[in-house]
Amino acid sequence: MATSEKEQFQTLKRKHHQLLREWRRKRGLCIICAASEGNEDDHLPPKVLLPKSLRNQNIEFLTYPACASCNRISSDEDFLFSVLLSIGLNQESIRLDQEPSDSDLLALYRQAQCQLEDEAEAERRKTLLRRYLGKDPRTGRDAIDILKLPLNHTTTKIVKSIYWLHTGGDVLEAHNPGWWIRPFIDTSKINFIEKHLKVSNADIQWGGRFIAHYTIGHPTNGVGGFISCSLHFYTNRSTAKGMNWYLIAAPVNTLINGVSLYEQCLQILGPATIEPRK
Ligand SMILES: [Zn+2]
């Protein structure tokens, strides 16, 4: 990590420790569902994004309060997310039926493999994976259809935990947002998005391989809870061949000129990926 990046992370870490202590003391909510007490710890980013061999002494995971049920769903979906990364980034070696030669990709590949070998979890995880089997059109063999793998829970929880940390304890889910999750952003819509953000933006990086870039509308300018976040995962060798996700959360209850921000997003961005709860 560069020095300023390191300082930035140290500041974030102090803020994080204080927030977590307060949360435990007041028995605060699960910041993922905002429905039960958040009495378990989950990791930011999910540990599957950075297998052990990719971590160095500068990589520190932050934790955030989640309820048992969100934590449980999360571990299944985090596993599928690791399969997605492994397959998505390893297309070349999969096509050649070989182990990846790039060290980052090999680490991801082994991490996904190793989760299928863990005795306690293997059967459940294999059953999970079978739901996403399809025929590879080129070879006719069974293959995981990565377009079908669910990643909404894992990607939104990353954004929710960043939001919680950044705002010093505001719970995004409590604003009942609709979510737009896309592999890219249509640049003709950028003006609309930026108009509602304005305020703060920052990066969090882990080991130069996983970056979360986020921009958050400030509660005092009338666009509280509006957040845009891009997540980028790439290998040490290549930032260009990474995988990206863009997420936008717009709360139903935030009104701009009398119209809900969620409704405005619907008109501009098209159907939401995840509808608000009510
Ligand atoms: Zn929960």
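**Helix packing and aromatic pairs**

Tyr 262 is buried, with a relative accessible area of 8%. The model is predicted.

Student: Is Trp 180 buried, partly exposed or exposed?
Tutor: Buried means under 20% relative accessible area. Trp 180 has 1% relative accessibility, so the class is buried.

Student: How do the planes of Trp 180 and Tyr 262 lie: stacked, edge-to-face or tilted?
Tutor: The ring centres are 5.8 Å apart. Planes under 30 degrees apart count as stacked, over 60 as edge-to-face. Here the planes stand at 45°, so the pair is tilted.

Student: How many residues apart are Trp 180 and Tyr 262?
Tutor: Trp 180 is in strand β5 (residues 177-182). Tyr 262 is in helix α8 (residues 261-269). The pair links distant parts of the chain, 82 residues apart.

Student: Is α2 parallel, perpendicular or oblique to α4?
Tutor: Helix α2 (residues 68-89) and helix α4 (residues 103-117) pack with axes 9 Å apart, at about 140°. Over 145 would count as roughly antiparallel, 65 to 115 as roughly perpendicular. That makes α2, relative to α4, oblique.

Student: How many nonpolar residues does the contact of α2 with α4 have?
Tutor: Helix α2 contributes residues including Phe 79 and Leu 89, and α4 residues including Leu 105 and Tyr 109. No charged residues take part, and three are polar. The nonpolar count is nine.

Note on methods. Residues are numbered from 1 along each chain as its sequence is written. This is a predicted model: local features need pLDDT of at least 70, side-chain atom pairs count only at pLDDT 80 or more; totals for chains, interfaces and linings use all residues. Side-chain values use heavy atoms; hydrogens and water are left out. Axes are lines fitted to C-alpha atoms, for helices over the stretch in contact, and angles run from 0 to 180 degrees between N-to-C directions. Helices (H or I, at least four residues) and strands (E, at least two) are DSSP runs, numbered from the N terminus. Angles under 35 degrees count as roughly parallel, over 145 as roughly antiparallel, 65 to 115 as roughly perpendicular and the rest as oblique. Contact means heavy atoms within 4.5 Å. Ala, Val, Leu, Ile, Met, Phe, Trp, Tyr, Cys and Pro count as nonpolar, Asp, Glu, Lys and Arg as charged, and the others, Gly among them, as polar. Rings of Phe, Tyr and Trp (its six-membered ring) pair if their centres lie within 6.5 Å; planes under 30 degrees apart count as stacked, over 60 as edge-to-face and the rest as tilted. Buried means under 20% relative accessible area, exposed over 50%, partly exposed in between (1.4 Å probe, protein chains only).
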